[in-house]
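Please open the model in a viewer and keep the sequence panel at hand.

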Amino acid sequence: MSQPSAPEQPDGVTRLAIKVEEFSMGDYAVVHVLWQRSDLWMRPSDGPEATLLKLTRDPGLFLVARAEDGRVVGTVMGGWDGRRAYVYHLAVAPERRRQGIADALMDELEERFRSLGALKAKLQILVDNDVSKRFFARRGYLLETDCEPWGKELVQGGAP
């Protein structure tokens with residue numbers, strides 16, 4: 001668990017106290033609404049059954065940020081395949097953005113990736129999501145143009 005202690009981010013925005021903790025299925029309903037409010041690209045794999053499967057697969061890599069009153073105000077999901085680390089569904093409540101929550105979640109997730117032995121983390125950003133592009137670029141993530149993302153739908157209707 002971590003708590004940001006810096007009073008200000010480099011851009012002068014004050015950080016509010018939060019706690020980063022591991023997600024539990026008791027958080028699912030609130031987190032699902034947060035994902036929707038954050039305009040994430042929702043898929044059938046974001047349902048409760050698939051979320052439980054993900055939680056079982058990577059138990060320490062699904063994190064929530066809690067406000068002082070215990071409310072979930074942010075979330076990020078990580079994956080680890082033994083070779084690469086992956087970042088999914090970073091989301092912060094719209095009214096709590098620019099308060100250091102996304103950075104606190106990513107700091108903790110990246111540290112957990114390192115402790116597993118990950119040498120690199122990867123993620124995908126929708127082409128028109130300039131806010132996410134700026135956020136991850138500021139954190140040192142680079143657009144990789146030497147490969148193209150390819151996929152295959154294994155279950156009809158499984159992904160847009």
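In which sense, right-handed or left-handed, does helix 3 cross helix 4? The model is a predicted one, and the answer can be followed in it by selecting residues 101–116 for helix 3 and residues 130–138 for helix 4. The axes of these two helices come within 12 Å and cross at roughly 50 degrees. The crossing of helix 3 past helix 4 is right-handed.

Next, display the side chains at this contact. Helix 3 contributes A102, D103 and M106, while helix 4 contributes F135, F136 and R138. By class, the residues of this contact comprise four nonpolar and two charged, with no polar residue.

Five strands form an open sheet in the order 1-2-3-4-5, and their pairing is mixed. Select residues 19–22 and 121–123 to show the edge strands, strand 1 and strand 5, each of which pairs on one side only. From one strand to the next, the twist averages 30 degrees.

Helix 1, residues 28–37, touches strand 2, strand 3 (72–80) and strand 4 (85–92). The direction of helix 1 makes about 90 degrees with that of strand 3. Helix 2, residues 48–57, also packs on the sheet, with contacts to strand 2 and strand 3. For helix 2, the angle to the direction of strand 3 is about 60 degrees.

The structure holds five aromatic pairs; select W35 and F62 to view one of them. Their rings are stacked, at 6.2 Å centre to centre, with 10 degrees between the planes. Because W35 belongs to helix 1 and F62 to strand 2, this pair ties together parts that are 27 residues apart in sequence.

Definitions and conventions
Residues are numbered from 1 along each chain as its sequence is written. This is a predicted model: local features need pLDDT of at least 70, side-chain atom pairs count only at pLDDT 80 or more; totals for chains, interfaces and linings use all residues. Side-chain values use heavy atoms; hydrogens and water are left out. Two strands pair if DSSP finds at least two bridges between them. Helices (H or I, at least four residues) and strands (E, at least two) are DSSP runs, numbered from the N terminus. Axes are lines fitted to C-alpha atoms, for helices over the stretch in contact, and angles run from 0 to 180 degrees between N-to-C directions. Contact means heavy atoms within 4.5 Å. A crossing is left-handed if the near helix is turned anticlockwise from the far one by less than a right angle, and right-handed if clockwise. Ala, Val, Leu, Ile, Met, Phe, Trp, Tyr, Cys and Pro count as nonpolar, Asp, Glu, Lys and Arg as charged, and the others, Gly among them, as polar. Rings of Phe, Tyr and Trp (its six-membered ring) pair if their centres lie within 6.5 Å; planes under 30 degrees apart count as stacked, over 60 as edge-to-face and the rest as tilted.
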